[in-house]
Amino acid sequence: MVPVKCTDLKVDYSEIYNNMGLGTNTPDAVTKNTTELHLKEALLRLKPRFEYHIVDGTMSEEGITLTANGKCAEFNTGHIITHGLRNAQKFAIFVASVGPEYTAWTTELSRKGDVFVNFVVDCIGSAIVESVADYMEQCLQTELDQNGLIRTNRFSPGYCGWHVREQQLLFSLFPEKNPCQIELTDSCLMLPIKSVSGIIGIGTDVRYLPYSCNLCNFAMCYKRKKR
């Protein structure tokens, strides 16, 4: 597990407002002030972290097979993700999280009964965990640069046709049961809820591409909302 300093994160206010559904609209004074106040508090209270491991794997037309820590797992990732991972020679499995402190903080806020604040903090948490995952990718690429390797986009269970139930399989490949102190529910929901997991392809002939939302019909995708 790698702890992340909040000062190393690039959390953009426009990302938070986009999570709120504002798009390019200017937030009103109350929304702006509430967001600024609670983002500052979040960056003081939260202890983000990430973890990744580079593992061996093979690919087929509809999925990948990964091997790590003496375990082998077959994933039906679907054609969108396998296309995005094509030519990968190795793979990085990863998790990133805002940390369990987020759960304690939001529980504390919920007791005050301010629905709007809870909504704002939820949008802030989503923006922070994406920033943690972006930072994780930068750290991974720094390591890959030493060997002349590049990476693909990151892909997560529950998106692009990859069923969320395979989250359990992905977690089984990590050395510990709860990487980054993330727990999985029976329905494969990650706790803290502001956590992400997935895979990244690695090689000399892979490509990092803009997310092609026209290939996927999942309307709630976080990448689609960014566009």
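Modeller: Gladly! H38, E41, A42 and R45 in helix 2 meet E101, W105, E108 and L109 in helix 4, where contact means heavy atoms within 4.5 Å. This is a predicted model, where local features need pLDDT of at least 70, side-chain atom pairs count only at pLDDT 80 or more, and totals for chains, interfaces and linings use all residues. Residues are numbered from 1 along each chain as its sequence is written, and side-chain values use heavy atoms, with hydrogens and water left out.

Biologist: Why are helix 2 and helix 4 called oblique to each other?

Modeller: Helix 2 (residues 29–45) and helix 4 (residues 101–110) pack at about 140°. Angles under 35 degrees count as roughly parallel, over 145 as roughly antiparallel, 65 to 115 as roughly perpendicular and the rest as oblique, so the pair is oblique.

Biologist: What makes R49 and E101 a salt bridge?

Modeller: Their closest N and O atoms are 3.8 Å apart, and the definition asks for a side-chain nitrogen of Lys or Arg within 4 Å of a carboxyl oxygen of Asp or Glu. R49 lies in strand 2 (residues 49–59) and E101 in helix 4, so the bridge ties together parts 52 residues apart in sequence.

Biologist: How do you know whether R49 is buried or exposed?

Modeller: Buried means under 20% relative accessible area, exposed over 50%, and partly exposed in between (1.4 Å probe, protein chains only). R49 has 5%, so R49 is buried, while E101, with 24%, is partly exposed.

Technical notes. Axes fitted to C-alpha atoms, helices over the stretch in contact; angles between N-to-C directions. Helix = DSSP H or I, 4+ residues; strand = E, 2+ residues; numbered from the N terminus.
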